[in-house]
Amino acid sequence: MKQKIPGLAFIVLGLLLAALPFWILPVCDQSVATAAGGQMPMRCHWTARAELGLGLLVAFGGLLYCVAPEKGLRPGLAIMQAGAACLAFLMPELFIPVCDGARMPCHIGTQHGLRIVSLLTLFLALGCTFSDIPLRHPLSWTRQRKP
Amino acid sequence: MDQAKETVKARALTPLALAWATLRRRPARSGSLCLLVALFAFALCAAALVNAWLKSGLSGLSGRMGADILIVPYGYEKKLEGALLRGEPSQFYTKVELVDKIRGHAFVAAASPQLFLTSLSAGCCSVKVQLVGFDPATDFSVGPWLRSRLDKPLGQLGTDEIVVGALITAKPGESIRFFGKPFTVAARMDRSGMGFDSSVFMTLEAARLLTKEALFAELAAEGLMPLGGADDADAAISSVLIKVKDGSSVKEAANELMRLYAIPYNLDMLVAADMLSAISSSIKNLSLLLFGLACGLWGIALLALFVVFSAGQAERRREMAILRLLGATRKRLALITLTEALLISLAGAAGGLGAAGLLLLPFAPLLFQTLGLPYLPLSCGQALAVGITVALLALLTGPLAASWSALSLTRLDTYQSLREGE
């Protein structure tokens, strides 16, 4: 049971990451009219969709973490979760930035929420990585898998 | 030799080591006490920060208001309040001839018109902003504030130049388009804590040119044309700001102006002092509620720590008696209890302040935007002072609650305590 706690925490954080830009601290819901007369969603809409994917990935990683053998898959999964958390943090800052307006909901709410949840995920993933890999013998866990 | 030293060090019965060992032995008890102190620290920090933010926002608002009375078309006083406090874009129009008529009264020291326009959200990821046209020759409200950042006299601000609030993402020298017309940013203001932060300022002439010349078909299509149409743009203003002469009553002046002009011009008014006092009263109520909550949590934390330490002391009389036999002085026994309480407070204070920093600092703009109250961020020094005060109060909680238990340990009868329960 003890080894399942980080896995469950990953699932909760992943679902939070996925739900936050849509329901908890939603991004802007206005759309912009294009020259052709159509409606185009704001930039933060795509940030939210990217975060949905990353959040579900983190939750799926957490599920695998719960069922993974202790010294086999888990350190690798934890490293993958750390990578996904980094991506989730950088998504609204760098890859698909949220809107620039300082009073827009995505700028003053969603972005901060995503920062906090992705940082918590990153810290948890790093903690799991270092607790799963014996630090005195960094490669011992891989060696043990050899026949 | 080194190993022997390490062993001796590890077994040293210092008050800190003993207190730490006790806390680790009962993680659930220690954790719940830490949580109580953390809740108190969080609530107190929230109350202190919200109070300081709102007070600085209110002082910024009262400092920049300038006018005693604001005259607006009937039914638009809430819209003006929204524009002033929260920068909510709105536009409404009345006739310019009103300004000269108001200036003619003996109790009026100064009167200046303003013209409000709402930009179109044309580009991606932009929202409508409030455009404020002011008269540089007569303005006494925003003028002094704008002068603090402009590197030229206010009167020399061109019709293609604008001054932007702190929340508008444009740097001086950059160009922004409104209704298709490019404007150069002459200056960007510091945070004021009010709606001016998300407003754009231009001369009255520029605002009129914008309403008349720039894409007026688009304006008319959206129903944004002042009064009857483009021909009336020269005759349109949105509000008149009035400064009453010293010695004259603002209330009487407002009543007189309403009596004369309310019906012919379909006007309403906003008395600045009334608006500020209403905001001040909301701030007072909110602060009272938050500080009340923090005090209640402090009382609960103190009581819980007192009960836990008192009950724990009764359980640990034999342990303390053995420590006395091992050579610990009575003062040292008290010190162990106080250290234990201090460690709980330290962890609680760190947790509470950390949570406050993580949740309150980033989400403060969202909170105050939702509440619709003026807000001005604190400087690093002010925030640090709040943090230190809260940390000191939270740190005091544990030792204060455990002081009675610690004091009673100094009166411990070693022999009786050791024989108890035999």
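Author: A salt bridge here is a side-chain nitrogen of Lys or Arg within 4 Å of a carboxyl oxygen of Asp or Glu. This is a predicted model, where local features need pLDDT of at least 70, side-chain atom pairs count only at pLDDT 80 or more, and totals for chains, interfaces and linings use all residues. Residues are numbered from 1 along each chain as its sequence is written, chains are lettered from A and ligands numbered from 1 in the order written, and side-chain values use heavy atoms, with hydrogens and water left out.

Reader: OK. How many salt bridges over all chains?

Author: The rule gives 10. One of them joins the side chains of Arg115(A) and Glu93(A), at 2.6 Å from N to O.

Reader: Which helices do Arg115(A) and Glu93(A) lie in?

Author: Arg115(A) is in helix 4 (residues 105-132) of chain A and Glu93(A) is in helix 3 (residues 74-95) of chain A, so the pair ties together parts 22 residues apart in sequence. Helices are DSSP runs (H or I, at least four residues), numbered from the N terminus.

Reader: How many salt bridges across the interface of chain A and chain B?

Author: Zero, by this rule.

Reader: How many residues are in contact there?

Author: 17 residues of chain A touch 18 residues of chain B. Contact means heavy atoms within 4.5 Å.

Reader: And what area do the two chains bury?

Author: About 1,500 Å² between them, with 71% of it on carbon and sulfur atoms. Buried area is the accessible area (1.4 Å probe) lost on putting the two parts together, summed over both. Arg103(A), Ile108(A) and Ile116(A) supply 43% of what chain A buries against chain B, more than any other three residues.

Reader: New topic. At what angle do helix 3 and helix 10 of chain B pack?

Author: Helix 3 (residues 27-65) of chain B and helix 10 (residues 272-315) of chain B pack at about 165°, axes 9 Å apart. Axes are lines fitted to C-alpha atoms, for helices over the stretch in contact, and angles run from 0 to 180 degrees between N-to-C directions. That makes helix 3 of chain B roughly antiparallel to helix 10 of chain B. Angles over 145 degrees count as roughly antiparallel, under 35 as roughly parallel, 65 to 115 as roughly perpendicular, the rest as oblique.

Reader: Which residue types make up that contact of helix 3 with helix 10 of chain B?

Author: 32 nonpolar, four polar and one charged. Ala, Val, Leu, Ile, Met, Phe, Trp, Tyr, Cys and Pro count as nonpolar, Asp, Glu, Lys and Arg as charged, and the others, Gly among them, as polar.

Reader: What about helix 12 and helix 13 of chain B?

Author: Helix 12 (residues 330-371) of chain B and helix 13 (residues 380-409) of chain B pack at about 150°, axes 8 Å apart. So helix 12 of chain B is roughly antiparallel to helix 13 of chain B. Their contact has 16 nonpolar residues, seven polar and one charged.

Technical notes. Helices (H or I, at least four residues) and strands (E, at least two) are DSSP runs, numbered from the N terminus.
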